[in-house]
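I opened a notebook for this one and jotted down what I looked up. Here is the structure my notes refer to.

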Amino acid sequence: MAGQALIAGATGLVGFELLRFLLEADYHRVVAPVRKKLPYQREKLIELRLQKTYEETLAEETGPFADAFCCLGTTIKTAGSRERFAQVDLNLPLEFARAAQRLGGRRFFIVTAMGADKNSSIFYNRTKGELEEELSKLNFQELHIFRPSLLLGQRQEFRLGERLAGSLLSELSLVFQGPLKKYKPIQARSVARAMLVAASRGSSTSPTIYRSDIIARMAEEASA
Ligand SMILES: NC(=O)c1ccc[n+]([C@@H]2O[C@H](COP(=O)([O-])OP(=O)(O)OC[C@H]3O[C@@H](n4cnc5c(N)ncnc54)[C@H](OP(=O)(O)O)[C@@H]3O)[C@@H](O)[C@H]2O)c1
């Protein structure tokens, strides 16, 4: 887990937590292309203003970046249409993955979502499933896919549906037992922590898919 790491979506709920973990980890340089300014600077943090493409943004970088982490995403409501949503949740992560690969990326870690399925009749789940499928074709040495349930955390953007669902479901924690465990809402920080755990463990199979309850357990064990 030494060397340089790349992260896309570092200003997001999961991405911001992950950025902190990456900076505390053994990477000697962490490169974060972002649209908005990050609230702090660190010696080993290289903040790059996102250009038209990741390729263009990373043009001056020579790598190698063995590990790349992707926490990009939006909502259909914020994006304004299904097409724009797919641009951010499908095309952009793929573009980032290809750019990372050209810079030596051997391991790719991505947050998709519970229910990701390229054959789903639900557009959101289908988009996430298509992304997973396309990423698998890139033949990273290791592809780690994290499929969290509803994310909890302090979000700057107000998302009424998610907030209501988050508080309601958090009250119902006793319901999420046994086979229902994977539906339990999860802290964004736990997802980020599990991504780092996966990076330090590595994997001999690819892709490795992490269900939400597994993510929660990995995070719990790491913080115990
Ligand atoms: N919300 C949930 O409950 C939930 C549940 C399961 C899975 N997920 C998935 O988990 C992942 C992480 O979710 P999150 O809630 O942490 O995401 P988030 O807070 O919405 O952050 C998304 C990140 O993507 C960036 N981004 C969005 N549109 C972009 C664009 N057009 N160009 C460049 N960057 C762009 C954002 O940058 P800016 O800060 O500049 O906007 C931000 O860094 C997403 O793929 C999401 O679909 C979410």
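Where is the place of Pro 207? I found Pro 207 in the loop between H7 and strand E9 (208-211). Helices (H or I, at least four residues) and strands (E, at least two) are DSSP runs, numbered from the N terminus.

Ground rules, before I go on. I number residues from 1 along each chain as its sequence is written. The model is predicted, so local features need pLDDT of at least 70 and side-chain atom pairs count only at pLDDT 80 or more, while totals for chains, interfaces and linings use all residues.

**Entry: cis bonds**

I checked the bond between Ser 206 and Pro 207, and it is a cis peptide bond with omega about 0°. I also noted a cis bond from Gly 63 to Pro 64, with omega near -5°. Pro 64 sits in the loop between helix H2 (54-57) and strand E4 (67-70).

**Entry: H7 and its partners**

Next I looked at how H7 packs against helix H8 (residues 212-223): the angle is about 75° and the axes are 8 Å apart. Axes here are lines fitted to C-alpha atoms, for helices over the stretch in contact, and angles run from 0 to 180 degrees between N-to-C directions. H7 and H8 are therefore roughly perpendicular to each other. For that wording, angles under 35 degrees count as roughly parallel, over 145 as roughly antiparallel, 65 to 115 as roughly perpendicular and the rest as oblique.

From H7, the contact uses Ser 190, Val 191, Arg 193, Ala 194 and Val 197; H8 brings Ile 215, Ala 216, Met 218, Ala 219, Ala 222 and Ser 223. I call two residues in contact if their C-beta atoms, placed from the backbone, lie within 7 Å. By class, I noted eight nonpolar, two polar and one charged residues in the contact of H7 with H8. The classes: Ala, Val, Leu, Ile, Met, Phe, Trp, Tyr, Cys and Pro are nonpolar, Asp, Glu, Lys and Arg charged, and the others, Gly among them, polar.

Then I turned to helix H1 (residues 13-24), whose axis comes within 8 Å of that of H7 and crosses at roughly 45°. That makes H1 oblique to H7.

**Entry: the core**

Which residues touch the most other members of the largest nonpolar core? I listed Ile 7, Phe 69, Cys 70, Val 191 and Met 195, out of 56 residues. Helix H7 (residues 188-201) gives the most to this core, with eight residues. Such a core is a set of buried Ala, Val, Leu, Ile, Met, Phe, Trp, Tyr and Cys residues joined through C-beta atoms within 7 Å. Buried means 20 or more other C-beta atoms within 10 Å of a residue's own, exposed 12 or fewer, and partly exposed in between, with C-beta atoms placed from the backbone.

Leaving aside neighbours within four places in sequence, I saw Cys 70 in contact with Ala 8, Gly 9, Pro 93, Phe 96, Ala 97, Phe 109 and Ile 110.

**Entry: single residues**

Arg 201 and Met 1 are 200 residues apart in sequence, yet 9.0 Å apart in space, C-alpha to C-alpha.

I looked at Asn 139 too, in the loop between H5 and strand E6 (142-147). Asn 139 has a positive phi of about 55° although it is not a glycine. Asn 139 is exposed, with 9 other C-beta atoms within 10 Å.
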